[in-house]
Amino acid sequence: MSGFKNPAPSPSTSEDPNALRWGFTPQSENWNGRFAMLGFLSVALIEFFSGQGFLHFWGIL
């Protein structure tokens, strides 16, 4: 025996909350929430500055 211990196995998933991962993982849910907030803010700003609803602004209604 050489006196060296085997290192603990590293986890197969990244613990970084900002890592871009696919599937139902906490990281992908964080990104999904961020994109949803950007979309909501975009719609609110379009409605505020145009004076019309979002669907009217794009000519859908």
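## A tour of the rings

Start with the cartoon view: you'll find two helices and zero strands in this protein. Keep in mind that the model is predicted.

The protein exposes about 5,600 Å², and carbon and sulfur atoms supply 67% of that. Of its 61 residues, 7% count as buried.

Next, look for aromatic rings. How many aromatic pairs does the structure hold? There are four of them. Select Phe48 and Phe49 to see one: their ring centres lie 5.1 Å apart and the planes make an angle of 80 degrees, an edge-to-face pair. Are these two buried or exposed? Phe48 has a relative accessible area of 63%, so Phe48 is exposed. Phe49 comes out at 66% and counts as exposed too.

Move along to Phe54 and Trp58. Here the ring centres are 6.5 Å apart with the planes at 70 degrees, so this pair is edge-to-face; the angle cut-off for that label is over 60 degrees. Phe54 is partly exposed, at 29% relative accessible area, whereas Trp58 is exposed at 55%.

For the last stop, pick Trp31 and Arg34. What sits over the ring of Trp31? That's the charged end of Arg34, 4.8 Å from the ring's centre.

Terms used
Residues are numbered from 1 along each chain as its sequence is written. This is a predicted model: local features need pLDDT of at least 70, side-chain atom pairs count only at pLDDT 80 or more; totals for chains, interfaces and linings use all residues. Side-chain values use heavy atoms; hydrogens and water are left out. Rings of Phe, Tyr and Trp (its six-membered ring) pair if their centres lie within 6.5 Å; planes under 30 degrees apart count as stacked, over 60 as edge-to-face and the rest as tilted. Buried means under 20% relative accessible area, exposed over 50%, partly exposed in between (1.4 Å probe, protein chains only). A charge sits over a ring if NZ of Lys or CZ of Arg is within 6 Å of the ring centre and within 35 degrees of the ring normal. Helices (H or I, at least four residues) and strands (E, at least two) are DSSP runs, numbered from the N terminus. Accessible areas come from the Shrake-Rupley method with a 1.4 Å probe; for residues, only the protein chains shown count as cover.
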